[in-house]
Amino acid sequence: MNTQKIIDKIVETSQGSIDELINILNSDCDAYLFKQADQVRKKCCGNEIHLRAIIEFSNHCRCDCSYCGINRQNTSLTRYRMELDEIIDYAKKAYAAGYQTMVLQSGEDPWYTREKISYIIKGIKKLGDIAITLSVGERDYDTYKQWKVDGADRFLIKHETADEALYNSLHPHSSFKNRIQCLKDLKELGYQIGSGFMIGLPGQTLDTLAKDILLLKELDVDMAGMGPFIPHPKTKLKNYPVGSSYLTLKALALTRILLKRPHLPTTTALEVTNIKDRKNAFYTGANVIMRKVQPYKYRKLYEIYPNPSIHEKSIGKERKEVEDYIKIIGRKVANTRGDSIHL
Ligand code: 5AD
C-alpha cells in the first residue's frame, strides 16, 4: 500500500500497525498527512484553541533525568519554591486574565506533601470554575486518590519514550513500569490523563516513535504533548543534537489522525527550536497552547532546556497577545474549560 492510502486507512479506521506508522514517519508524504490531520482536528475538536495557564511552582527535583536541566545533579542552578498562598494568588491573577485551566507543574519535590498540594487544590477551586491539571510526577496511589477527591481534574505525566531500556537508562531513579502504572492508576481514578514524549532523544529510532504513538493510543490519553529534545549544557546529554521539529510535526499529525480526540498542545520546546513551527503545529493537529504565569524571577530558573525568549509582560498583556495571535491565524479562542473530548 502506498503512504497516502495508509494515511486514508488510519483516518477512516483509527487503526494502524507499527509498520504503517513507520512508513508514514519515513515518507515525504508530509503535505498530505498534515492536511488530513488538520481536517480531523477540525472535525473532532472544532476551531477553538484552548489556552492553559501553567504555574511552575518549584524547580527542586529529586530526579536525575539525563536530558533535564533541573535534574538534581545540577548544582549551579538556584532553586526556588513558591509559597502555597502565592501559588493560589497567581492562579487568581490568571483566572482574572481569562484562563480557566491551571496547570500546576514542578520538579518532583517532596517538600510539597500530600497535604500541601491538597491545600493548593482547594484554594484554587474556591476561586471559581477552574480545571486543575497536576504535573508533579510520581506519587503513590493514595496520594493521587486524595488529590482527585480534593478537586484535581487532570494529570500530566509523560511516558517520555516507549523504549523501556532507553527509558530506564535516561531515568536511573525510576522505571518505565512504574511510570506506566502511574498513568493507568490516574486513569482508573477518573483523572483526564496526559502523556507525551520527546523527539530526537539519543538512541531513539523511527520504530521507537511509532511505538510512542501506539502507546498513547493504548493508554487512551485525553491529552498528549510532544516536543523536540533540546540539549541542556548542565546535563549528561549536552553534546547531542537538537531533535527535529519537522519530525515533531509529523508525530503530532500522526497522533491526531490515529487517536482523533486528545487535546494536543504546541509545546514550548517546539517554539524554542523553530517559532514558525508553532503556527505550523496549529495546522497539523494541535489545538492547545500553554502560557507560564508564575513571577518572572522564577521563570528563568525553571530551565528544563535553554529557553532564550523571556520578555517581561503582565499576565493580562501576554494573554491578549496570544488571543490576537489565535485570531490572526483564523482560529477561535475557546471560552470553556476545555475538558477532554469524547467522540
Ligand atoms: N528537551 C526537551 N524537552 C524536555 N523536557 C525535559 N527536558 C527536556 C529537554 N532537554 C520535557 C519532558 C518533560 C517536560 C516537562 O519537558 O518531556 O516531561
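This is a predicted model: local features need pLDDT of at least 70, side-chain atom pairs count only at pLDDT 80 or more; totals for chains, interfaces and linings use all residues.
Trainee: Okay, at what angle do the axes of α1 and α10 cross?

Mentor: Roughly 45°, with the axes of α1 (residues 3-13) and α10 (residues 245-259) coming within 7 Å. The two helices are therefore oblique to each other.

Trainee: And which residues meet there?

Mentor: From α1 you have I7, I10 and V11, and they meet L254, I257 and L258 of α10. By class, that contact has six nonpolar residues, no polar and no charged.

Trainee: Switching topic, how many aromatic pairs are there in the whole structure?

Mentor: A search turns up eight. In one of them, Y80 with Y298, the ring centres are 4.5 Å apart and the planes sit at 15°, so this pair is stacked.

Trainee: Where in the chain are those two?

Mentor: Y80 is in the loop between β1 and α4, while Y298 is in helix α13 (residues 296-299). They are 218 residues apart, so to speak for the record, the pair links distant parts of the chain.

Trainee: What about cavities, how many of 30 Å³ or more?

Mentor: The count is one. The largest cavity holds about 60 Å³ of space.

Trainee: Which residues line it?

Mentor: Among them are H50, L51 and R52, along with Y99, R319 and R337. Strand β1 (residues 48-58) gives the largest share of that lining, three residues.

Trainee: How does the lining split by class?

Mentor: Three nonpolar, five polar and three charged residues.

Conventions. Residues are numbered from 1 along each chain as its sequence is written. Side-chain values use heavy atoms; hydrogens and water are left out. On a 1 Å grid over the protein atoms alone, a cavity is a set of points where a 1.4 Å probe fits but cannot get out, and a pocket is an open set with protein on both sides within 12 Å along at least five of seven lines; lining residues have an atom within 4 Å of a point. Grid points are joined across faces, edges and corners, and a volume is the space filled by probe spheres set on the points. Helices (H or I, at least four residues) and strands (E, at least two) are DSSP runs, numbered from the N terminus. Ala, Val, Leu, Ile, Met, Phe, Trp, Tyr, Cys and Pro count as nonpolar, Asp, Glu, Lys and Arg as charged, and the others, Gly among them, as polar. Axes are lines fitted to C-alpha atoms, for helices over the stretch in contact, and angles run from 0 to 180 degrees between N-to-C directions. Angles under 35 degrees count as roughly parallel, over 145 as roughly antiparallel, 65 to 115 as roughly perpendicular and the rest as oblique. Contact means heavy atoms within 4.5 Å. Rings of Phe, Tyr and Trp (its six-membered ring) pair if their centres lie within 6.5 Å; planes under 30 degrees apart count as stacked, over 60 as edge-to-face and the rest as tilted.
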